[in-house]
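The following note sets out points for a colleague who is reviewing this model. It begins with a term that the later points rely on.

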Amino acid sequence: MDMIKTLGSAGIIPVIVIEDISKAVPLARALVKGGLPVLEVTFRTACAADAIRKIKAEVEGATLIAGTVLTIDQLKSAREAGAEACVAPGFDPMIVNAAKEIGMPFCPGVATASELSQALSLGCRMVKFFPAESAGGIKYIKDLLGAFRFTGVKFMPTGGVNLSNVADYLAVPEIICCGGTWIAPKAAVEAGDWAKIETLASEASALCRSIKG
Ligand code: 3PG
């Protein structure tokens with residue numbers, strides 16, 4: 001998978017946490033129907049791999065990314081489940097290298113110039129900027145770009161990004177997409193309010209299209 005192309009064309013990546021496997025397919029269907037087909041299923045719950053497997057098998061048009069991939073076991077489990085790329089909140093050279101060895105596109109998280117520099121040294125062309133708002137937000141990314149733009153690095157800010165600030169991030173060309181949980185809030189997932197989630201996805205995808213085209 002061309003990770004930059006796929007994530008860039010989606011623009012907004014719902015970060016989803018599946019506690020109850022029975023919610024995985026209807027949640028993914030609502031997000032895809034709302035115009036957000038690339039989904040980050042986080043390895044923060046025991047059923048993450050099953051959720052990826054089930055969504056891949058049952059939801060047409062969904063592209064699965066595994067999120068919060070912190071260990072080699074999770075990396076392998078994500079691959080076996082059918083994830084097409086993996087994302088992490090932090091930068092761990094061991095995981096970046098393990099992903100490279102198995103040919104899994106991998107996007108590590110960075111929050112400093114030093115981490116970004118190390119990620120670039122290991123061949124990463126795209127990084128998650130996490131936790132975006134707490135780490136300095138859009139101003140911090142623009143300052144990083146002052147030094148790193150020439151490398152061609154692309155960013156996916158996540159953490160504190162929502163409908164009220166996502167437009168500022170997406171207006172920066174090097175920010176190819178943003179991730180967030182605001183499109184699949186815990187309460188709506190628990191309540192099975194798929195109509196609400198579809199509406200949140202439609203709003204987000206319309207805003208993204210108005211900026212990125
Ligand atoms: C992530 O792991 O990407 C974040 O937990 C998402 O942050 P948010 O809940 O502020 O969108």
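1. Contact, as used in this note, means heavy atoms within 4.5 Å. The model under review is a predicted one. With that cut-off, and leaving aside neighbours within four places in sequence, Thr-158 is in contact with Val-15, Lys-128, Phe-129, Phe-130, Pro-131, Ala-132, Gly-179 and Gly-180. Thr-158 itself lies in the loop between strand 8 (154–157) and helix 9 (166–170). Because buried means under 20% relative accessible area, Thr-158, at 4% relative accessibility, counts as buried.

2. Which residues are around the ligand? They are Val-15, Arg-44, Lys-128, Phe-130, Thr-158, Gly-159, Gly-160, Gly-180 and Thr-181. Sorted by class, this shell has 5 polar, 2 nonpolar and 2 charged residues.

3. An oxygen atom of the ligand lies 2.5 Å from a polar side-chain atom of Thr-181. For Gly-160, a backbone N or O atom is placed 2.7 Å from an oxygen atom of the ligand. Lys-128 contributes a polar side-chain atom at 3.0 Å from an oxygen atom of the ligand. On its own the ligand has 320 Å² of accessible area, of which the protein covers 79%.

4. Is Lys-128 buried or exposed? Its relative accessibility is 3%, so Lys-128 counts as buried. Neighbours within four places in sequence aside, Lys-128 is in contact with Glu-40, Val-87, Ala-88, Cys-107, Pro-108, Gly-109, Val-110, Met-156 and Thr-158.

5. Phe-129 also has its place in strand 7. Its relative accessible area is 0%, and Phe-129 is therefore buried. Not counting residues up to four places away in sequence, Phe-129 touches a set that includes Val-110, Ala-111, Tyr-140, Ile-141, Leu-144, Phe-155, Met-156 and Thr-158.

6. What is Phe-106 in contact with, leaving aside its neighbours within four places in sequence? The partners are Met-3, Val-69, Leu-75, Cys-86, Ala-88, Ile-95, Val-96 and Ala-99. Val-96, one of these partners, has its place in helix 5 (residues 93–102). Val-96 counts as buried because its relative accessibility is 4%. With residues up to four places away in sequence not counted, Val-96 touches Phe-91, Phe-106, Pro-108, Leu-122 and Cys-124. The C-alpha atoms of Val-96 and Ser-9 are separated by 23 Å, and these residues are 87 residues apart along the chain.

Note on methods
Residues are numbered from 1 along each chain as its sequence is written. This is a predicted model: local features need pLDDT of at least 70, side-chain atom pairs count only at pLDDT 80 or more; totals for chains, interfaces and linings use all residues. Side-chain values use heavy atoms; hydrogens and water are left out. A residue is near a molecule or strand if one of its heavy atoms lies within 4 Å of it. A polar contact is a pair of N or O atoms within 3.5 Å; within protein, one must be able to donate a hydrogen and the other to accept it, and residues adjacent in sequence count only if both atoms are side-chain atoms. Accessible areas come from the Shrake-Rupley method with a 1.4 Å probe; for residues, only the protein chains shown count as cover. Ala, Val, Leu, Ile, Met, Phe, Trp, Tyr, Cys and Pro count as nonpolar, Asp, Glu, Lys and Arg as charged, and the others, Gly among them, as polar. Buried means under 20% relative accessible area, exposed over 50%, partly exposed in between (1.4 Å probe, protein chains only). Helices (H or I, at least four residues) and strands (E, at least two) are DSSP runs, numbered from the N terminus.
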